[in-house]
Amino acid sequence: MNIPRYSTWVGLALIMVAMTTSLTRAQDELPASSPASGELAQQAIAGIVRTAAQAPASSTTTPDQDLIEQARRQVAIEPRVGVVPGLSRPLALREAILMALRANPDVEIQRIAVQQAAFDVNRTRGFYDVTLTNQFAYSALRNPAVNPFAGADENGAVEIRAAQNTFAFTKPLMTGGRVGAEFTVARQDTTNIFAGVNPLFSSQLTFTFTQPLFRNFRTDESRRQIELAKKRLTLSDSQFRQRVIDIVAQVQSAYWDLVFARREVEIRAEAVALARIQLEQNRRFVEAGTAAPVEIVSVEAQLEQRQEEFLLALENLTRVENGLKSLILDQRQAPLWQEAIVPTEQVNLEPVNISLDEAVRAALAKRPEMEQFDIQKTANEIDIQFFRDQLRPQLDFVGSYSLQGLAGTPLPITANPFAGGFNTAVLERLNLLSAQSGLGPVIVPPPANQTPGVFIGGFGRNLSNLFTKNFYGVRVGVNMSFTLNNRTTQGALGRALAQDRLIAAQRQRFETQVETEVRNALQSVQTALRRVQAARASRVAAEAQYASEMRRYQVGESTNFLVLDRQNALSAARGREVRALTDYNKAVVALQRAMSTTLDANSLTVKPADGARPADVHPDVEPTP
């Protein structure tokens, strides 16, 4: 019997059995595709990860597992810039997401933007705040007077000292009108001899009311600004949710890239270990005289090449790990920068059962951008309503009601200022003629104060006269104005109408973009799934080929070159499988992002920006139990 030929046929039979068994197992592990139906469920695209603890454990340790553990230890102790060898931290995907939402500066920046929008709403509402004013004035005047009727003293001067205090209240109304009240009290002291009372106390209370009847009745500038500020707050809320979705998707992609990069380093380390094992085996063969020394040189060359590939993979691992750390850490002095991140999630294959129509429908209903288009359209409708109102004529009703009070101390009149001079001569001649006629003399009575008793008193009498409502004033009227052509407002209205059409066109374009994104995302998921199937079958075949080649090499039916080639093919097949699985998970992440189901898939809820005060507005993301 030809032993080498017999062993060759046995080896081929074992390879065929191993490939058939592996392919069957791979097909059993892959999900059967079936059309989706019903509502969009969270589990349709959420369950794509599995923790390391959930992986099926083997009761026995195989040589391959020993090799993997050796590779992992090699990766852990390999020096890297900024990472302490042997110092690592296990990290789950959900933990990484929550760390990013707590520490990522972009989340805080968007949160501050929402708070600023809340302060803007409060600022615009300040237009309707009550305004209180108080004005106090004191004056002292000494005026020259040459007119005898000016009431000057013997020095030809009239002195007036006055103090006045005015308290006013104004309040704009939500109807576009305004109410106000003004209360004035004053005291005046004078040296005017013709003054009836001195000091003089006066007071006045006036109520005013203005109400637009056409323009600014349904809306005005203040109400427009308040509504626009509210829409900007809602828009900021939606942008906050959009930014959270983006960050979560970035963390997921970075996490899966880290899983692949770390597994890629391990695969390269395994290849290095296989080359060293092959080198030691060849040295034994050379020492035994069954192999030429050149076989050692070829393996050494292959070992150095694989060592170079390992170092390049290690550098890529550091870059990817730093990218993830930049997303989940907010300080460059954080201790985690010095630790190696060890992902606890495995790239795993879970079904995505959703149809194209359902995916597009979900995206159009849940994408924050669609909500933002609605907000922009509503805000523009506020402008359209305002500018249309400004084209109407201005017709305002105005009215006022006032009360007045007055009081003072009467001045004693000791002499008639007009009794001397010419009047005295006339009086003497009249009395002379009266005496010649046997009549008695004319006696001029002293001047008497004619101030009504209701005005005699001090400040209290003044207020009493004010509130008795004996002295009042009522005024009502209508003010009307109309701007011919009013091209300024017409231009603003035309621009707002054009903006409405622009928003509609942008929304239609974005809907097409969403359709494209969802289609591409679903295609990427299906392509990645088929890549996983092909890569898994390729890896199983490569394992079988390598095992067969090793058996042939042990019995002298193969060469060192073929063994090394099979090792390279096996490492490449393992890398392609991990890459395909990683790309599948990232494709699902992209699909979640396109459908805006990222938060639902990761059990996260965005807390809206609500609060009685703007300082209390704090939008946040809360994990769903």
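Reader: Among contacts in the protein chain between residues at least 6 apart in sequence, what percentage joins residues at least 24 apart?
Author: This is a predicted model, in which local features need pLDDT of at least 70 and side-chain atom pairs count only at pLDDT 80 or more, while totals for chains, interfaces and linings use all residues. Residues are numbered from 1 along each chain as its sequence is written, and side-chain values use heavy atoms, with hydrogens and water left out. With a contact taken as heavy atoms within 4.5 Å, the share of these pairs that join residues at least 24 apart is 81%.

Reader: How many of the residues of the protein chain, as a percentage, count as buried?
Author: The chain contains 14 helices and 12 strands, where helices (H or I, at least four residues) and strands (E, at least two) are DSSP runs numbered from the N terminus. Burial is judged with a 1.4 Å probe on protein chains only, so that buried means under 20% relative accessible area, exposed over 50%, and partly exposed anything in between. Of the 625 residues, the buried part is 39%.

Reader: Which residue forms a salt bridge with Arg243, at 2.4 Å from N to O?
Author: A salt bridge is a side-chain nitrogen of Lys or Arg within 4 Å of a carboxyl oxygen of Asp or Glu, and the structure holds 41 of them. In this one, the side chain of Arg243 meets that of Asp106. The pair links distant parts of the chain, 137 residues apart, with Arg243 in helix 6 (residues 221–288) and its partner in helix 5 (residues 105–125).

Reader: How many residues apart in helix 6 are Lys230 and Glu227?
Author: The two form a salt bridge whose closest N and O atoms are 3.8 Å apart. Both are partly exposed, Lys230 with a relative accessible area of 31% and Glu227 with 32%. An α-helix has 3.6 residues a turn, so residues three or four places apart point the same way. For Lys230 and Glu227 the separation is about one turn of the helix, which is 3 residues.

Reader: Is Asp246 buried or exposed?
Author: Asp246 lies in helix 6, and its C-alpha atom is separated by 9.6 Å from that of Ser596, a residue 350 places away along the chain. Because its relative accessibility is 18%, Asp246 counts as buried.

Reader: What is the volume of the largest cavity?
Author: On a 1 Å grid over the protein atoms alone, a cavity is a set of points where a 1.4 Å probe fits but cannot get out, and lining residues have an atom within 4 Å of a point. Grid points are joined across faces, edges and corners, and a volume is the space filled by probe spheres set on the points. The structure holds 1 cavity of 30 Å³ or more, with a lining that includes Val75, Glu78, Arg262 and Ala340. The volume of the largest cavity is about 50 Å³.

Reader: Within what arc do the buried residues of helix 11 fall?
Author: In helix 11 (residues 459–467), the buried residues are Asn462, Asn465 and Leu466. Seen down the helix axis, they line one face because their directions fall within a limited arc, which is that of the directions from the helix axis to the C-beta atoms. Their cover includes strand 5 (178–190), strand 6 (197–212) and strand 9 (394–410).

Technical notes. 1 Å grid on protein atoms, 1.4 Å probe; cavity = no way out; pocket = protein on both sides within 12 Å on 5 of 7 lines; lining within 4 Å.
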